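Please look over the sequence and the model before reading on.

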Amino acid sequence: MLCARLWTRSAPLLWRRAQSHAAAGAGGAGGTRLDLSGIYPPIATPFTAEEDVDHRRLEENLQKYAKIPFKGLVVQGSNGEYPYLTQEERVEVVRTVRRSLPAGKLLMAGSGCESTRATVRLTEEMAAAGADAVLVVTPCFYKGKMDSRALIQHFTTVADSSAVPVVLYSVPANTGLELPPEAVVRLAQHPNIVGLKDSGGDITRIGLIVHQTEAQDFQVLAGSAGFLMAAYCVGAVGGVCALANVLGRELCELERLCASGRWEEARVLQRRLIEPNAAVTRKLGVPALKQAMEWFGFHGGACRSPLQPLTEAETEQLRRDFASNGWL
């Protein structure tokens, strides 16, 4: 009932945004903003036994993802193990995805680095490699100095120089740093900053950002499947969800149910996604995601060191989290 009431109040806003985003199309031509609405898997990076990027297995995964109604793919996000890849490897992975991605699907490439200078350069390379937009994570090594002033300067400089739209990325579980709402509201005014992937899970924060950026037609993407329905309730337009690498069709179905206001069906599906989502994110992380991918017919494989494979006990826990919700 709560979501139904929220939907009644927020439907006009979501409808206006959907119409504006549809007019933008895939390229954001004519001064309108790029439409981000939909579900994106932040794809994993397969490796060979020698820990080289396995482009052949990556392409085989992409062929399977092409059959799922994703809005697009996020490449070289946290689940792609981007901190462990060289910049050259990161760009080459984007090139591989671009060659395989069906027409009409968006390619959002992670281009965040610790320095503004390096981020600007990698953003240029990602755009040249075929990215439709870039996902820029908060720099965090000197997190004590990454206040709103520093972050606004960083993202503004990147957006000023970028040939493609910029999506902000706040993932405090990995960075120890949350992009302050006041900084997001300020950055939303930039014509080349079109949205935010928020992985923190604070629904009041997401709702506040949506509310305070309505005039800019700013788009918020939920950063996890565990709170996807709740994020839709307060005005998010989609999600970048690790679990979509495994249960992609189910996440797209949840999106469809939320977009059509079928909240009771959405609630039932959302509840079944919470435990497996937690298992492949905050509980067991990327090694668990890659293990689950193997169970569901995708190439996951091992992570690049120093990430370690799951223990036997962790693998059994992962299996229980999926099986107890009817997925295995």
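## Cavities

The structure holds 2 cavities of 30 Å³ or more, where a cavity is a set of points, on a 1 Å grid over the protein atoms alone, at which a 1.4 Å probe fits but cannot get out, and where lining residues have an atom within 4 Å of a point. Grid points are joined across faces, edges and corners, and a volume is the space filled by probe spheres set on the points. This is a predicted model, in which local features need pLDDT of at least 70 and side-chain atom pairs count only at pLDDT 80 or more, while totals for chains, interfaces and linings use all residues. Residues are numbered from 1 along each chain as its sequence is written, and side-chain values use heavy atoms, with hydrogens and water left out.

The largest cavity has a volume of about 50 Å³, and its lining includes Tyr65, Phe70, Gly72 and Leu73. The second largest cavity, at about 40 Å³, has among its lining residues Gln76, Arg90, Gly110 and Tyr169.

## The largest pocket

A pocket is an open set of grid points with protein on both sides within 12 Å along at least five of seven lines, and the largest pocket holds about 980 Å³ of space. Its lining comprises 41 residues, of which Ser78, Tyr169, Val171, Ala173 and Asn174 lie nearest the centre.

Strands here are DSSP runs of E with at least two residues, and helices are runs of H or I with at least four, numbered from the N terminus.

E2 pairs with strand E3 (residues 106–110) in the parallel sense over 4 bridges, pairing being defined as at least two DSSP bridges between two strands. Val75 has Ala109 of E3 as its bridge partner. Between E2 and E3 the chain passes through helix H3 (residues 87–100) in a right-handed β-α-β crossover, meaning that, with the strands pointing away from the viewer, the path from the first strand over the helix to the second runs clockwise.

## Cysteines

The structure holds 0 disulfides, a disulfide being a pair of cysteine sulfur atoms within 2.5 Å. The sulfur of Cys252 lies 9.4 Å from the closest cysteine sulfur, in Cys241, which is too far for a bond. Cys252 counts as buried because its relative accessibility is 6%.

Definitions and conventions: Buried < 20%, exposed > 50% of the residue type's maximum accessible area, 1.4 Å probe, protein only.
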